[in-house]
Amino acid sequence: MLSVLVCVSGGGTNLQALIDGVESGLIRETKIVRVISNNKNAYALTRARKHGIEGVCVSPGDFPDRETFHQAFLRSVEEAAPDLIVLAGFLVVIPEQIIHKYRNRILNIHPSLIPSFCGKGCYGLKVHEKALERGVRITGATVHFVDEGTDTGPILLQKAVEVRQGDTPETLQRRVMEEAEWTLLPRAVDLFARGMITVKDGRAEIAGPEMMKQ
Ligand code: GRF
């Protein structure tokens, strides 16, 4: 059984997709053992608790400096003893110590087709604003492993989503979630739980028959 820790900052619709995936059996051999939020008012924490998952808040604002926050965050991660960490809309930079310790065991979802519209400062609605500004016809979402950079780790799954005439950042964000994020993230966790993923030389590979289902 794969123990998963999910880190969130906001509404938690991606967390909900994971919870639903586990409960419906779409995600196999997996238990979500803890949800950490940096924001005590995040609705994601309520979603976790409603499903009997421990939801805890570890917020930088509650600590005198970044280092003390990092230690508390690390403690909370270690207590949960996860096999996999999923960043599902987590707006805090992960301490390097955790990246080293959980190399190729941290997944992030980003609402664009990396390498477009990603990197420092490119998160949330800003991603979709930039896509609309550039006038792309296709955008999408990416699930990737987390390394020391911002959105630079090995890409695991991507799905394209059409941009429509008259889209606003909000309508585009919603379509990217509905058509890509909420299916990609559960699929990524299921693949991980079933040992279908290997990471070599900075590239993620999916075992043959599963890759064909892309
Ligand atoms: C998603 O668009 C995700 O890709 C991004 O932040 C958003 C989180 O939404 N990183 P939610 O909290 O899962 O509803």
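Rings of Phe, Tyr and Trp (its six-membered ring) are taken to pair if their centres lie within 6.5 Å, with planes under 30 degrees apart counted as stacked, over 60 as edge-to-face and the rest as tilted. The model is predicted, so local features need pLDDT of at least 70 and side-chain atom pairs pLDDT 80 or more, whereas totals for chains, interfaces and linings use all residues. Residues are numbered from 1 along each chain as its sequence is written, and side-chain values use heavy atoms, without hydrogens and water.

F69 and F73 are buried (under 20% relative accessible area; exposed is over 50%, partly exposed in between, with a 1.4 Å probe and protein chains only). F63, at 23%, is partly exposed. Ring pairs link F63, F69, F73 and F90 into a cluster.

Elsewhere, the axes of helix α5 (residues 125-134) and helix α6 (residues 169-193) come within 9 Å and cross at roughly 110°; axes are lines fitted to C-alpha atoms over the stretch in contact, with angles from 0 to 180 degrees between N-to-C directions. The two helices are therefore roughly perpendicular (65 to 115 degrees). Residues in contact (heavy atoms within 4.5 Å) include L125 and L132 of α5 and L172 and V176 of α6.

Note on methods. Helices (H or I, at least four residues) and strands (E, at least two) are DSSP runs, numbered from the N terminus. Angles under 35 degrees count as roughly parallel, over 145 as roughly antiparallel, 65 to 115 as roughly perpendicular and the rest as oblique.
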